[in-house]
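Colleague: Please take a close look at one part of this model for me. I would like the helix packing and the salt bridges that go with it.

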Amino acid sequence: MTKPSLPDLLHAAVDAVGGTERPGQVTMAEAVAEAVDDGSHLLVQAGTGTGKSLGYLVPALAQGERVVVATATLALQRQLVERDLPRTVDALHPLLRRRPEFAMLKGRSNYLCLHRLHEGMPQDEEEGLFDQFEAAAPTSKLGQDLLRLRDWSGETENGDRDDLTPGVSDRAWAQVSVSSRECLGASRCAYGAECFAEMARERAKLAEVVVTNHALLAIDAIEGAPVLPPHEVLIVDEAHELVSRVTGVATGELTPGQVNRAVRRCAKLADEKVADQLQTAAEGFERVMELALPGRLEEVPEDLGYALMALRDAARNVIVALGSTRDKSVQDEDAVRKQAIASVETVHAVAERITLGSEYDVVWYERHDRFGASLRVAPLSVSGLLREKLFAERSVVLTSATLKLGGDFNGVGASLGLAPEGMATAEGDQPVWKGIDVGSPFDYPRQGILYVAKHLARPARDGDRADMLEELTDLIQSAGGRTLGLFSSMRAAQNAAEELRSRIPEYPILLQGEETLGELIKNFAADPRTCLFGTLSLWQGVDVPGPSCQLVVMDKIPFPRPDDPLMSARQKAVEEAGGNGFMAVAATHAALLMAQGAGRLVRASGDRGVVAVLDSRLATARYGSYLKSSLPEFWYTTDRNQVRRSLAAIDAAADDAK
């Protein structure tokens, strides 16, 4: 039998999901197939509406080797596993003469732990375990969540937290889940044969396509012990998020509260002398942290250095002691011991990492109004890690609607550890790659306007922006509501919401944090007169096609804060190496967010609207052209009267179409 052609396979899959074949999707599928065939790497920018998931799934399924697809968001994971993959597999089955299996795999703490559910969880204050169902008042929210979890445990087939609807609080879930470090292991657990996490791993081992998240991909790369099954092809969707997710996994943190929990958990299990040593070290660390001021520590202060060495040494002694002592008076001792060791190992690992003082790490203090001070350590760059771990021994495809910044892929490529496109050679130590932009099915110049409020005063950090609020009010009134407000800080979003609620009460203002994100987006989409204001997650997480979102406003260019320890350290490192730190770090960060934010406007072929940037620097600063070239090709203007007329016309057309 002749092998089915890629166009035939793609056509069948597109029909199955009820979509429309796009030229960009065909181009993408051909490029993915070519990269997989020759073992090279590919960066694909595929605009909203391209149908990029089929653009990579069809060639990946056709080649017959195991594929891992890593995404950043739960929404896309669910779309792949519940919609795209089942329909695509059914459609391709008659052509491929085989039915590829697929599975989703997440970190262990995402699955219900039957041991913890049935045997209770270790508590901090006393030895042994306690029954969390008895401890929580049945009338409390926690008690109700726990009772619902117990009922759900008898119904669920996979124990995946994300399949529980409605969800439960993090606090409730923590009572019935374990981290990989706390897990007893299937062979030592009474519930090992029924373990949901183990079953998910077994399904993944048998599947041809494994869908996972960026965090698990990062853990697989960083920790050495393989978490994902062996695979020949890796596809990273929402790839613009990968560097920040890997950085998050590679970041360590120490707080006095965390250290004290570790002390309590090991107190009854370890020799008294060893436990007292850790207690003394914890008290010394807490005293140092009481005086901590937020900011980067270019060198570890002497008092902090001594406190960390004491913590490291005491934690190491406790880990040795916990491994060799037994106490049969402790109920379910293995579980109690495992949690205690996991807590102390985390303390030891972070304390040792900071004490060793790698030049490739950034250390800083943070202070939170509610939680107090914390000590954090993160890699200066993850590019070397990604180059070494991500691109070795497999073909990698990275795709997103926003990978091409300032006109090329080199900025994102550099953050992934790739040499500038075209400079790598097969003989060198740099991975061979190419980037393609397959465009978008949308007619951006006809569907959208990019308006820059050039007349506004240059925004000052934390300064009064009365002129910006005046402009925002006028724009919302012209648009008839229908506004998504993307703010560079939560304080700015709150101030704007408070001010505009009194100025234009006829247009309801929803504010991030006042309700769950899902509820806010649902209510925003339901009423065209409503506006939604918020910060980071709204820049990337809103998909509202139609007349409810016809004006997207950015209050200012979202550069990192000048006092952000990690970003400023990365910028300084680029400058010391002879590069332009501002463009490589701050401008790239801003361009990525602005491209994502502007992408909220046009989500369907019938959408019309305006992206308004209330920051004159986009029109006047030298870096403005770099940022603008990272955005969709909207029609550009700085004429405020023209924009008001356009918004009013779009509003009237939407009303007429009702």
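Modeller: Arg-376 is partly exposed, at 23% relative accessible area. The model is predicted. The side chain of Arg-376 meets that of Glu-253 in a salt bridge, 3.9 Å from N to O. Arg-376 sits in strand β11 (residues 372–379) and Glu-253 in strand β8 (residues 252–254), so the pair ties together parts 123 residues apart in sequence. Glu-253 is partly exposed too, with a relative accessible area of 34%.

Now the helix packing. Helix α2 (residues 23–38) and helix α3 (residues 52–63) have axes that come within 8 Å and cross at roughly 35°. The crossing is right-handed. From α2, the contact uses Gln-25, Met-28, Ala-29, Val-32, Ala-33 and Val-36; from α3, it uses Lys-52, Leu-54, Gly-55, Tyr-56, Pro-59 and Gln-63. By class, that gives 8 nonpolar, 3 polar and 1 charged residues.

Helix α2 also holds Glu-34, which pairs with Lys-434 of strand β13 (residues 433–437), 400 residues apart. Glu-34 is partly exposed at 43% relative accessibility. Lys-434 is partly exposed at 36%.

One more pair: Arg-353 and Asp-361 form a salt bridge at 2.9 Å, N to O. Arg-353 has 25% relative accessibility and counts as partly exposed. Asp-361 has a relative accessible area of 16%, so it is buried, the cut-off being under 20%. Elsewhere, salt bridges with shared partners join Arg-78, Glu-82 and Asp-163 into one network. The count for the model is 35 salt bridges.

Definitions and conventions: Residues are numbered from 1 along each chain as its sequence is written. This is a predicted model: local features need pLDDT of at least 70, side-chain atom pairs count only at pLDDT 80 or more; totals for chains, interfaces and linings use all residues. Side-chain values use heavy atoms; hydrogens and water are left out. Axes are lines fitted to C-alpha atoms, for helices over the stretch in contact, and angles run from 0 to 180 degrees between N-to-C directions. Helices (H or I, at least four residues) and strands (E, at least two) are DSSP runs, numbered from the N terminus. A crossing is left-handed if the near helix is turned anticlockwise from the far one by less than a right angle, and right-handed if clockwise. Contact means heavy atoms within 4.5 Å. Ala, Val, Leu, Ile, Met, Phe, Trp, Tyr, Cys and Pro count as nonpolar, Asp, Glu, Lys and Arg as charged, and the others, Gly among them, as polar. A salt bridge is a side-chain nitrogen of Lys or Arg within 4 Å of a carboxyl oxygen of Asp or Glu. Buried means under 20% relative accessible area, exposed over 50%, partly exposed in between (1.4 Å probe, protein chains only).
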